[in-house]
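Visitor: Hi, I'd like to talk through how the chains in this assembly touch one another. Could you bring it up?

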Protein chains: 6
Amino acid sequence: MHDSADEDQRPSDSRLVPRFADIATFMRLPLVRDPKEIDIAIVGAPCDLGAGNRAGARHGPRAIREMSSLVRRVHPVSHVAPYDLCRVADLGDSPVNQNDLMDSLDRMERFFAEVHAGGAVPLTAGGGHLITLPIMRAIADRSEPLGMVHFDAHSDTNDVYQGNVRYNNGTPFRRAVEEELLDPKRTIQIGIRGTLYSADELEYPTGVGMRVITIEEFHELGVEAVIAEALRIVGGGPCYVSFDIDAIDPCYAPATGTPEIGGLTSFESQQLIRGLDGLNIVGADLVEVAPPYDCANITSHLAASLMFELLCVLAPAVARR
Amino acid sequence: MHDSADEDQRPSDSRLVPRFADIATFMRLPLVRDPKEIDIAIVGAPCDLGAGNRAGARHGPRAIREMSSLVRRVHPVSHVAPYDLCRVADLGDSPVNQNDLMDSLDRMERFFAEVHAGGAVPLTAGGGHLITLPIMRAIADRSEPLGMVHFDAHSDTNDVYQGNVRYNNGTPFRRAVEEELLDPKRTIQIGIRGTLYSADELEYPTGVGMRVITIEEFHELGVEAVIAEALRIVGGGPCYVSFDIDAIDPCYAPATGTPEIGGLTSFESQQLIRGLDGLNIVGADLVEVAPPYDCANITSHLAASLMFELLCVLAPAVARR
Amino acid sequence: MHDSADEDQRPSDSRLVPRFADIATFMRLPLVRDPKEIDIAIVGAPCDLGAGNRAGARHGPRAIREMSSLVRRVHPVSHVAPYDLCRVADLGDSPVNQNDLMDSLDRMERFFAEVHAGGAVPLTAGGGHLITLPIMRAIADRSEPLGMVHFDAHSDTNDVYQGNVRYNNGTPFRRAVEEELLDPKRTIQIGIRGTLYSADELEYPTGVGMRVITIEEFHELGVEAVIAEALRIVGGGPCYVSFDIDAIDPCYAPATGTPEIGGLTSFESQQLIRGLDGLNIVGADLVEVAPPYDCANITSHLAASLMFELLCVLAPAVARR
Amino acid sequence: MHDSADEDQRPSDSRLVPRFADIATFMRLPLVRDPKEIDIAIVGAPCDLGAGNRAGARHGPRAIREMSSLVRRVHPVSHVAPYDLCRVADLGDSPVNQNDLMDSLDRMERFFAEVHAGGAVPLTAGGGHLITLPIMRAIADRSEPLGMVHFDAHSDTNDVYQGNVRYNNGTPFRRAVEEELLDPKRTIQIGIRGTLYSADELEYPTGVGMRVITIEEFHELGVEAVIAEALRIVGGGPCYVSFDIDAIDPCYAPATGTPEIGGLTSFESQQLIRGLDGLNIVGADLVEVAPPYDCANITSHLAASLMFELLCVLAPAVARR
Amino acid sequence: MHDSADEDQRPSDSRLVPRFADIATFMRLPLVRDPKEIDIAIVGAPCDLGAGNRAGARHGPRAIREMSSLVRRVHPVSHVAPYDLCRVADLGDSPVNQNDLMDSLDRMERFFAEVHAGGAVPLTAGGGHLITLPIMRAIADRSEPLGMVHFDAHSDTNDVYQGNVRYNNGTPFRRAVEEELLDPKRTIQIGIRGTLYSADELEYPTGVGMRVITIEEFHELGVEAVIAEALRIVGGGPCYVSFDIDAIDPCYAPATGTPEIGGLTSFESQQLIRGLDGLNIVGADLVEVAPPYDCANITSHLAASLMFELLCVLAPAVARR
Amino acid sequence: MHDSADEDQRPSDSRLVPRFADIATFMRLPLVRDPKEIDIAIVGAPCDLGAGNRAGARHGPRAIREMSSLVRRVHPVSHVAPYDLCRVADLGDSPVNQNDLMDSLDRMERFFAEVHAGGAVPLTAGGGHLITLPIMRAIADRSEPLGMVHFDAHSDTNDVYQGNVRYNNGTPFRRAVEEELLDPKRTIQIGIRGTLYSADELEYPTGVGMRVITIEEFHELGVEAVIAEALRIVGGGPCYVSFDIDAIDPCYAPATGTPEIGGLTSFESQQLIRGLDGLNIVGADLVEVAPPYDCANITSHLAASLMFELLCVLAPAVARR
């Protein structure tokens, strides 16, 4: 593993440069366009064409960048200092086609393939949940499909909408299993809840072997047991962490397309992510922040804060390689 | 009991018709004007003239209808499918007089009497809490007064305001006891909190035999014990469930007339309602949603979600008859 | 022409039923699903997949319905009483596919063809501006293409986006000309303004013969001369009126996808529409209201008010046939 | 006439005490409870129970007080310095009954009768438009009914709502004529517009002799001619000025119960009020500001600014006596 | 100790005077300008010039006053009736200089020295956290420095910003220790969390002997153990309670300058304050409410509610003297 | 003068890269840190410490950057294509000290001196109006003081606040005259209005020779005469254009610190700026956008649009040199 970043690649210190000043990049990091120069690329994927209800997640990356100026450099509990471990930068946004979902999937796949080829690990701000599919296509090694820790209110393993729509924010993980990008037996879903289209709706994920922890089971087991279960399920192979902001209760995260009441708290979410330290994480994302529905930017601020939590388990994993 | 509804009386499937499409009815149900054709009537009672502070609950029914498009057909935990058990429809709104509280009470009583006479059980969206009084007048059998599970920050058993105002959102349950619509000994109030006009303010409800569970006692007992207490108090007789959205903390439900900090969470609210399964429920309401004070519609969405929770304990009760 | 509507098909009188009460239909009209029963169908077309920037117009029809409850029955200046002239109803929304723009165009075309075949003239609330294309496909007689009065900040006659996207809210009227639905020489565009991609951007519409009245020319000519020019250009043949809410200044209409400063006032807009009385209007729409960006619903209220203005020039035209 | 106010009765100077500091009184004036100590009483009348649609004007007085901190001491055009001419103070709010409209009318009448008996002229912030009725009852001399300059989108001379509701924000001036408080022949209404319940709706005001200037006629005549007409109609007798904020376009004044598009601009409103200088004004009000529907407080700020405009024509009239 | 307040010095009873009526003072108390007439002075300190990020807390006192109208007279759990124990009033705001932080510190110190000299104990609404420094300068007895219970997300014991800025909302408690106003060994900080500038950032507070309870330790210990620890640390000497609203999670308190996710709930906050009963409290404040960032006033309402909680432990302490 | 910019220095084409994508820079321009590489530097000056009332303009530059993505490349009326005339880039923000106004003035002066020395002309987004003072200090040639076209509701030529505050958003142009940076006889102020502290408040600007065009005179003269007057007053010498967003009516620009009703429209503002073509402009700014008070970002969008208008008169002036 290479040396850590030099000072120029660290975020501005908000004791010296006010948080509200200058261009808004993720975490106030430098903007770098060449993935070869960095270890972890924080990027945006502003595509929400797969929305089943409210759009707006296309504006997620910018809003998260804006609020990420409040995040400082060091984790308060683990004391991980990600910018000491890796070269991290804002790599800008993936190309998308604002009027064509399928073309957007292609553009995103090509973009993330370049990031991957350049040696950078992506930490992505969505966009709708369908963005995870082209990322997985770009970074998964089909000989060893990815494990996944998936935080969400919804399983996102439906099959079709409108009779023949196979690519929608409700379908990415069925597609990922079908395409052998994702190993369902090394996949755990946490926070699942919300009314159902039909009583058998969760048969697919459990049928293919995913471990589904509903919010009710989460409360029964408690944070520590759920973390232990996640570590057990995912194991030591390469894994991805996908965090749909709607895993969290709408009072913390109103700005999302398909909110469900009765969700995680922000503190529970922090604890759960912190518990993933040690996993062999090869990519992560935070999706479904739809800023037009936000209140005083609390959702974007939460998302930025959780992306830093993700960075603080991702950076050690990248540094270990 | 009759057969279940046919497919035409079920809500639109949001996998086929987008949630944002078409007229907003409760739960995307058909609009039916004749209570004889249905078993459970979801209705609005848009009267907030009894407000002591902020008005706006007159707009509650429409806002809840709008957000109820996000609710699907089957309960995620109990797997109750209410539309398989009963004929459920949106019956529109009760008449009200926008400038005359007493006349509104009369109009609502007549409307709910027709619903009741038609054989439909009302699940009502308020409006202010005073709407429960005319509903009880319409459906209670004075020979066997109703029991009640009452979720609220306030006991709503005050006597008079302004010297001689006896009908106000703070008084319905004292009136209901006086009118022998409500059996105080079969009544439980959950979530009571907030500063008091005077130290003896809760003497009335406890004096007449209501079981008052303050938020502090709720936290001491825990959800399961509170449910057990509710089932014990209410017993097997006919009962009503009245849910004032201000039972829940303002962070989840900002859009209400008299918020009180330190309230229930959305998840606790769901658990409590789920625990009422088995009661002989003859009507239910959700009141005090005041949309002008909402943030990104989270209160209306919460209200719509809890109305579905209520429906999923009400429908089995109706089907059992 | 048949007789006028009976009382049951008129909007609720808000002196008797409060504006906030009951289901929100357009203008508080009855909901009728069969176009054969009506003369003018007010419908929604909740598709915004052609947006170049901010989405949200999918929620336009519902928001306009909500605010249209403030509109009464008679025009204050012309004293046109549209419900005395024609049978008018809310026909619900056109089907759309929330994830597939091209399929949505097909679904809308089929829906409006049925409306047209049923003998009803559509007055449509968008959705993005691309919805006008399938409406024109459904109602235009290719042997006599439509004239059009087009209110907009943008000409919407661009060719392609993203290299190969030909169907986008910026392209409908180039497509309509190419498909011989729209007669460019009988087309007038009013309110055009805003920065340009390139200096020759308006060469297409003027090249094919459209009369483009920029906001600067509008101010030079004045309202009356612009009306005269519109009547002259469109002539006596069948014509369509398409009103993009962004023709109006963002202070009146913040809730739109691509606002441009320096637009029409609400009063100028009313005067311009009133001046169209006498044209042979065969359909009209009001598009690009994106409620997530609204302030206190002023844009939806403006849109509802202008739809009534459109109705009051459309109803006489329909009654004259 | 007494001497002008001493320095202690003037507003705080915002160059010395920041605008955001201290208790919010009207114009940062001292709070005085005895009308005998002042010449002009700025008061609130927080009653909106006469609303036909959206409530919220009950919160108008507080919101206007808050934003009135931005108003300084001297009029920029007339250079009238009202606090040099008269003793002006914030007299607090009239009592109201938050659940009983008729009782509120009585309480307001008694309160304003005391103000009047104490020798103070009221400049009142509503509340809904019905508040003008009890004010007129308190201050009108039935032997010489009041003239009125009435700015409004609506004539407010309807007769009944809901079959028998005679007191509603849509009826005050018919009642005032019937009670011989208001001389219709010395009454001018400016800014009237908006859709009608029926084509003959304006027959009452014109039939009893009121001069109704619709917004269309306003634009035809121009500001100066309308002012001249107002001065001519009202003449030299005692008159009242009532300004309903919905006279102004919703883009300037979104926070109102029954907005109508196509209204006055803020500048036109200022010019019109300034033109009333010289009238024998014996009271004035500004009504129908409903803060829950405001955007960034622009309506409250507009209202506070117009109250200062009213004060600057009222104070010279009071000083002249 | 003197007798309790007479009825005139108590808040208006909202059963008689609606909450929305009249001038907004803290808790609807009378406005008194002479500290000698009262025992507890509720005051505003509208200075936010020490903000590191978002300003706006200058508007805190007015917004808290507005929402404090919802608070009644008696504590629901302890049944403390503060207005029976002490003379309490709104004393207005401290002078500040809106453009000069250092001058504002001086003005506040002088103001609070007068309050202190007059015999009144201050309960202050901020303003930014730096306001606590001049209050401590005014009321601390340097021979017996104050203990403190400090609720906050941040330790606020940084040294300098921008190279030489020593007075900033992030530094007050280092300054207070240096100035021997605050006894660090009798100081406990509760709720500390959030990303760090550097891993050693908390070395100062722990180094000087403060007891720092991070949010993680709070969850481990539980409310009761934390209260016990607070009582143990602070002991029987004079102490101050400073509550930064950002101690609470942003879902409850979005309106603050430097939010941190994962905070206290409103209920936990109430319990913690209630547990401080018995301490020898000589002053308290609630700071960092920035109303421009609020949603439906929930933060101001929370702040007003917590100020009443503080009053209910402060009044008995004052009465005991 | 050098050649025009190459394609890489032009804004992204929003037909190819969606407006919502990637980092938000001014006009989607490249971010360049060296003023020597560019002709026109669009920069932010995020300082609002001189605010007399509401702060928040510190967030102006970022919000304007965000909304400037909607601006395209070519002016619709003049067809000026600024990026063909000059090398234009986003140069980031000037350093400021978030807690020290005087230090911020120094930092801004040094920053703009470097920009000036590098040969770039600054087009600046504020910040409060005091930012213009350090810009003028950096770019004015004291041997030939600047002329100025100043759009504002306020003259900003007050002397002191709080007894001794000489640097405040209300004082910059008195200071600039005193420092011989600004030639008052070549200065014109347009849009002046709003209540006054005292009747003689405008004696200073007129006394030193500034041409003050109040909003009333603006309406009397009309746009063209005002433009002619501006060109006459300023003449051919070097001049600065300073646009305070509060020159425009609050309905278009709610997000500002000291709004005044009765202001310019957005269209009038565009016309006025367009009329400045031909002046020898050496710098320009747009100030007082306070995003926390915005509604649906309309103020930021207006500001971004007007900055492009300014750029389209500035770029030809720069290209002419």
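Predicted model: local features only at pLDDT ≥ 70, side-chain atom pairs only at ≥ 80, totals over all residues.

Visitor: Got it. With that in hand, how many residues does the contact take from chain A and from chain E?

Guide: The contact takes 31 residues from chain A and 29 residues from chain E.

Visitor: And what area is buried between chain A and chain E?

Guide: About 2600 Å², and carbon and sulfur atoms give 61% of that. On the chain A side, A:Arg15, A:Arg72 and A:Phe267 supply 29% of the area buried against chain E, more than any other three residues.

Visitor: Why talk in terms of area?

Guide: The size of an interface is often given as the accessible area lost when the parts come together.

Visitor: Okay. How many salt bridges are there across the interface of chain A and chain E?

Guide: Two salt bridges are found there. The side chains of A:Arg72 and E:Glu260 meet in a salt bridge, at 2.9 Å from N to O. There are also 10 residue pairs in polar contact between chain A and chain E, counting pairs with both residues at pLDDT 80 or more.

Visitor: Which elements give two or more residues to the side of chain A that touches chain E?

Guide: Those are α9 (266-274) and α10 (298-320) of chain A. With six residues, α10(A) gives the most to that side. By class, the side of chain A that touches chain E has 18 nonpolar, seven polar and six charged residues.

Visitor: Let's switch to chain C and chain B. What turn goes with that pair?

Guide: Chain C can be laid on chain B by a turn of 180 degrees and a shift of 0.0 Å along the axis, with an RMSD of 0.0 Å. The two copies are thus related as by a two-fold rotation axis. In chain C, C:Ala24 has the C-alpha nearest the axis, 3.5 Å from it.

Visitor: Do those copies meet through the same surface or different ones, and why?

Guide: The same surface, because 96% of the interface residues of chain C are also interface residues in chain B. The contact involves 24 residues of chain C and 24 residues of chain B.

Visitor: What do chain C and chain B bury between them?

Guide: About 2100 Å², 50% of it on carbon and sulfur atoms. C:Phe20, C:Ile23 and C:Arg62 supply 41% of the area that chain C buries against chain B, more than any other three residues.

Visitor: And how many salt bridges between chain C and chain B?

Guide: Four salt bridges. In one salt bridge, the side chains of B:Arg62 and C:Glu66 meet at 3.4 Å, N to O.

Visitor: Last one: which elements of chain C give two or more residues to the side that touches chain B?

Guide: α1 (60-67) and β2 (88-93) of chain C. By class, that side of chain C has eight nonpolar, six polar and 10 charged residues.

Key. Residues numbered from 1 in each chain as written. Chains lettered and ligands numbered in written order. Heavy atoms only, no water. Contact = heavy atoms within 4.5 Å. Buried area = accessible area lost by both parts, 1.4 Å probe. Helix = DSSP H or I, 4+ residues; strand = E, 2+ residues; numbered from the N terminus. Nonpolar A, V, L, I, M, F, W, Y, C, P; charged D, E, K, R; others polar. Least-squares fit on C-alpha atoms with pLDDT ≥ 70 in both. Polar contact = N/O pair within 3.5 Å; in protein donor to acceptor, adjacent residues only side chain to side chain.
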